[in-house]
Amino acid sequence: MTWGLATSHVPSIGAAMDRGKTADPYWKPLFDGYAPAREWMARHTPDVAVVVYNDHANAVDLSVTPTFAIGAAASYEVADEGWGSRPVPTVVGAPEFSDHLVESLIDSSFDITVFQDLAVDHGLTVPLSVYCPDPGESWPCAVVPVLVNVIQYPQPTAARCLALGKALGEAIRSFPEDLKVAVFGTGGMSHQLAGARAGLINQDFDRMYLDAIEHDPEKLAALTREDYIREAGSEGIELIMWLIMRGALGPRIRRVHDAYHVPASNTAAGMVLFENLSPVSSERSATA
């Protein structure tokens, strides 16, 4: 595993890129903040990106809501979210790698739902655009979608997400082929879209999170659903998906870059990029 990226997946960020508005005064500070991370990631292209995200009732409705799911398809069409699909490439999958992750995670006592047919919405495509703003005809790497329920109560706990991340990291490291893998944790930061607190942004909580995701993820894993919603808003609970990325990386990481901008639409937009310095598994080390 080479690196991990935590990033907001605000749909208007994708729209700003698609419509050529990234240099507009409203958007320029956000995209300027991405630039150092993008330059670094462009020099460290993975073979596969594991993108942890939530669907926004585009491919998965509330009639069936898996807690954790993995896409195992050869490709994923870009969802039409009501105003046409984003003008970005179809997402190419890594079915053999997905199957390995599913088997390993189930053997680690995580009951994973498997999607063989899945359209991916802004929750996945916007983070890919944060990584690679100009993909051309195809994204630079294959993708494994990992879906998390952050919409329908009861959502998984933050502690369970961190544990899933650790199991995911072990699964990635046990794959027999030597792949360069990046893990994305997406969503957040603080925001609430409806109700009496609509428009909520909590910069103090967000900045604490940006620090603790590196230095003390266990502190974030100890927060309850109610803590997340109280401090970060009803949609801010998406931040639990960052813990899956963090757990996968292991204890030794280096912060490459971070950025924080308020507002992106009505959301606090954050991003942090880590280089993974944790060793490969002992089994692989012994055979290297």
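Which residue forms a salt bridge with K166? Keep that in mind; the tour comes to it below.

**Before you start.** This is a predicted model, where local features need pLDDT of at least 70, side-chain atom pairs count only at pLDDT 80 or more, and totals for chains, interfaces and linings use all residues. Residues are numbered from 1 along each chain as its sequence is written, and side-chain values use heavy atoms, with hydrogens and water left out.

**Select the whole chain.** The C-alpha trace spans about 55 × 40 × 40 Å along its principal axes. Of the 288 residues, 55% count as buried. Buried means under 20% relative accessible area, exposed over 50%, partly exposed in between (1.4 Å probe, protein chains only).

**Select the sheet.** Eight strands form an open sheet with mixed pairing, in the order β6-β3-β7-β2-β8-β1-β10-β9. Residues 113-115 (β6) and 253-264 (β9) are the edges; each has a single partner strand, so one side of each lacks a neighbour in the sheet. Two strands pair if DSSP finds at least two bridges between them.

**Zoom to β1 and β10.** Select residues 3-7 and 267-276. These strands pair in the antiparallel sense over five bridges. Click W3: its bridge partner in β10 is E275.

**Stay on E275.** Show side chains. E275 also meets R254 in a salt bridge (2.9 Å, N to O). The rule: a side-chain nitrogen of Lys or Arg within 4 Å of a carboxyl oxygen of Asp or Glu. R254 lies in β9 and E275 in β10, so the pair ties together parts 21 residues apart in sequence. Both are partly exposed: R254 has a relative accessible area of 36%, E275 of 22%.

**Select E214, R255 and D258.** A network of salt bridges links these three.

**Select D18 and R86.** Their side chains form a salt bridge at 2.8 Å, N to O. D18 sits in helix α1 (residues 11-18) and R86 in the loop between β4 (75-76) and β5 (91-92), 68 residues apart. D18 is partly exposed at 30%, whereas R86 is buried at 11%.

**Last stop: K166.** The salt-bridge partner is E218, with the closest N and O atoms 3.0 Å apart. E218 is in helix α7 (residues 217-221) and K166 in helix α5 (residues 158-173), 52 residues apart. E218 is partly exposed at 45%; K166 is partly exposed at 42%. The chain's count comes to nine salt bridges.

Definitions and conventions
Helices (H or I, at least four residues) and strands (E, at least two) are DSSP runs, numbered from the N terminus.
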